[in-house]
Amino acid sequence: MWQRNKVQALVMEEVKNIVTADPAVKDFVGIGGFSVLGGAGSSSGLGIIIFKDWDERTEKKLSQASTLERLQGKLWALQSASVIAFPLPAIRGMGNTAGFDFRLQDSQARAPEELAQALNGLIFAANQEPALNRVFSTYRANTPQYELEIDRDKAKAL
């Protein structure tokens, strides 16, 4: 567990360095182990950008929208993580993360990498549609998964 937290901290530090180098950003708060999209998870993280004051960001290129678009390009290039930059809505449920929810199900027990490949193709196709914007998934094939079989009778005997 310690090793994973160390890796998570290194990735969060990498994200922080990219974000805080932007001229519109005052500071960055990173929280490992939680995502507003997927909830708690050992391979999740949440970053909150603290923008400079309005009077320091009078140029259009320093607006929130321009800054997030600029940062998304840099963050997307990271090899160590998949990072999505988006503003939280002023009214919960009415922002960029609202909309519809789609569940891709593997009914043929394929390898996680095959499911990820199919998912990435679906995401690519969806993002080509003008009516859809920033389609993504929190699924990652390289996230460790464990299957536990618990013998309750044996456990009770212990």
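This briefing describes the fold, the nonpolar core and selected residues of one protein model. The model is predicted. The protein contains 4 helices and 2 strands, arranged along the sequence as α-β-β-α-α-α. Of its 158 residues, 18% count as buried.

**Overall architecture**

- Among contacts in the protein with a separation of 6 or more, 44% join residues 24 or more positions apart.

**The nonpolar core**

- The largest nonpolar core has 11 residues in all: Met12, Val15, Val19, Val25, Phe28, Leu68, Leu71, Leu75, Leu78, Val83 and Ala85.
- Helix 1, strand 1 (25–35) and helix 2 each contribute at least two residues to this core.
- In soluble globular proteins, nonpolar side chains tend to be buried together.
- Val19, one of the core residues, is in contact with Val25, Phe28, Ile49, Leu71 and Leu75 when neighbours within four places in sequence are left aside.
- Of these contacts of Val19, Val25, Phe28, Leu71 and Leu75 are themselves listed in the core.

**Helix 2**

- Helix 2 covers residues 64–76, and its 13 residues should span 18 Å at 1.5 Å a residue. The C-alpha atoms at its ends are 18 Å apart, which agrees with that expectation.
- The buried residues of helix 2 include Ser66, Thr67, Leu68, Leu71, Gln72 and Leu75.
- An α-helix has 3.6 residues a turn, so residues three or four places apart point the same way.
- Leu68, Leu71 and Leu75 are buried in helix 2 and also belong to the largest nonpolar core.
- Thr67 lies in helix 2 and has a relative accessible area of 0%; it therefore counts as buried, the cut-off being under 20%.
- Beyond residues up to four places away in sequence, Thr67 touches Asp22, Ala24, Val25, Phe51, Lys61 and Leu62. One of these partners, Val25, is also in contact with Val19.

**Ring interactions**

- Arg57 is placed over the face of Trp54, at 4.8 Å from the ring centre.
- A search of the whole structure for aromatic pairs finds 0.

**Partly exposed residues and C-alpha separations**

- Val7 is found in helix 1 (residues 2–20). With 42% relative accessibility, Val7 is partly exposed, because this value falls between the limits of 20% and 50%.
- Val7 and Ser80 are 73 residues apart along the chain, and their C-alpha atoms are separated by 9.3 Å.
- Leu122 belongs to helix 3 and is partly exposed, with a relative accessible area of 35%.
- The C-alpha atoms of Leu122 and Phe136 are separated by 9.5 Å, and the two residues are 14 residues apart along the chain.
- Arg134 occupies the loop between helix 3 (112–127) and helix 4 (152–157). Its relative accessibility of 34% makes Arg134 partly exposed.
- Between Arg134 and Ile123, which are 11 residues apart along the chain, the C-alpha separation is 8.9 Å.

- Ala109 is located in the loop between helix 2 and helix 3.
- The phi angle of Ala109 is near 55°, a positive value in a residue other than glycine.
- At 71% relative accessibility, Ala109 counts as exposed, because the value is over 50%.

Key. Residues numbered from 1 in each chain as written. Predicted model: local features only at pLDDT ≥ 70, side-chain atom pairs only at ≥ 80, totals over all residues. Heavy atoms only, no water. Expected span 1.5 Å × (residues − 1). Buried < 20%, exposed > 50% of the residue type's maximum accessible area, 1.4 Å probe, protein only. Phe/Tyr/Trp six-rings, centres within 6.5 Å; stacked < 30°, edge-to-face > 60°. Lys NZ or Arg CZ within 6 Å of the ring centre and 35° of its normal. Contact = heavy atoms within 4.5 Å. Core = buried A, V, L, I, M, F, W, Y, C linked by side-chain atoms within 4.5 Å.
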